[in-house]
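Subject: Structure handover

Hello,

Here is the structure for your files. My notes follow below it.

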Amino acid sequence: MPSEILLKIFSYLDAVNLLCAGCVSRRFYHLANDNFIWLRIYSTVFSPKRSNWKVNSVEETTVSVSGLSVEDKEAGYWKKEYIAKQITSVKTALAQVLQPVSPYTGLPVKTKEALRISGLGWTIVLREKSGKEYIMQHVDLSLNDTSVTVVWYGKNWPCLATLTTLDLCGVTPVFMDWHKPPAKNGPRWHSLIAKYDLSHLMESTMIGCDRLVQIFCLHPGLLVGLWKKEEELAFIMANLHFHHLVERSTLGSASVPYELPLHSPFLDDSPEYGLHGYQLHVDMHGGGVFYLCGTFRNLFTKKGCIEDGYVKLVVINFKNNREHLPLIGKVGLAWRTNIFDGFIKSCSIVDITLLDEHRKPFWCLSSPVCMRSAACPSDGPNFLGQTYYVDYMDTEGRVHAELVWIEETEEYFIVSLVLYLSVAKINHWFGTEY
């Protein structure tokens, strides 16, 4: 078919279908880059004086838009301009949605709405030693108060022994229509969130198991479930905190993650600046069931509590019975695949949102944790029940909780909750020199 006829046909396509046509062959790719066609699409969408009831021809549009030219531009120029401006407009719209902040969590009020209108999804890219890649779109997700849990499962997992890395990426439609859902086969923008090493998965921390699967935790926030019998992949679960989630899932590239904006310290001449006025919001959940949801205000510490590079921040005092809290329900982590499902006892997801005295997110995390039986209870009140520990650690701090199982009421009580904040993090955040 002559190129002139193909170009005439292509001129009736919208941007999504034109990009899809360009994937057919080398010839279609070059024809689908035609500047006259893309200039018409560009000016129809972005021209300040466009008419909603009249669609101009390619020639009329080219003449009517002042300052726009075709002949002196390389092939594909207006295609690139259109895509770049579409991405910018989506980013601008999302930034406006995310502006209002909740004083309760310090996070954007409309994060869930931003996830919905952006068409945001998540994929994992499994990479073999040979370089072969397997790309999987998420199968299920659940929105929590301050995080989202994303799950992948299926029948066609690659062999675990051949895998080296896993990339977690946010995926958004390049072209957004706010009035209808994104096209399934339309172009997508990939933003790398985290990269994980799978080559030594069996040597990492196993946090629980049931009769079918055993689960391993990879930092940050990734849970990998393996079938016990075959030691092959059963499911993968990512736990993503809402703090900068939309930005991390949309503003990076397929190979480079989004960089958080530089933080400028709020300077203060208080002798213990950065050690008081904290507010903590903590959630503990698993499989859509919440076992704990609490907010703790006016948390503080002192210089004397600095030890081994950490500042000790007591949230629930072991020796104060009035502060102890029960966990509601049977604690565990529910999982499922397309064939089986199960429940792993004593495992859950913990979401931590710590705000500074200016109500800005200071430390945020969402991670799988497990309760481990304590060999000997801490010094303090004697409880009639087995003591368990829950621990988490990353570069910015540690979390340590102690729980007691009360046999009579068949429930867990949190009798101690302590955060250990990195002194380096505090100094960087507040401009102090502890």
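Among contacts between residues at least 6 apart in sequence, what share join residues at least 24 apart? The figure is 59%, where contact means heavy atoms within 4.5 Å.

This is a predicted model: local features need pLDDT of at least 70, side-chain atom pairs count only at pLDDT 80 or more, and totals for chains, interfaces and linings use all residues. Residues are numbered from 1 along each chain as its sequence is written, and side-chain values use heavy atoms, leaving out hydrogens and water.

Overall: the protein has nine helices and 23 strands (DSSP runs numbered from the N terminus; helices are H or I, at least four residues, strands E, at least two). Of its 434 residues, 47% are buried (under 20% relative accessible area, 1.4 Å probe, protein chains only).

The sheet: six strands form an open, antiparallel sheet in the order 3-4-10-9-8-7 (two strands pair if DSSP finds at least two bridges between them). Strand 3 (140-143) and strand 7 (205-209) are at the edges; each has a single partner strand, so one side of each lacks a neighbour in the sheet. Strand 4 (residues 147-153) pairs with strand 10 (residues 233-241) over seven bridges, antiparallel. There, Thr149 has Asn239 of strand 10 as its bridge partner.

Beyond its neighbours within four places in sequence, Gln279 is in contact with residues including Tyr104, Phe296, Leu354 and Arg359.

Best wishes

Methods
Buried < 20%, exposed > 50% of the residue type's maximum accessible area, 1.4 Å probe, protein only.
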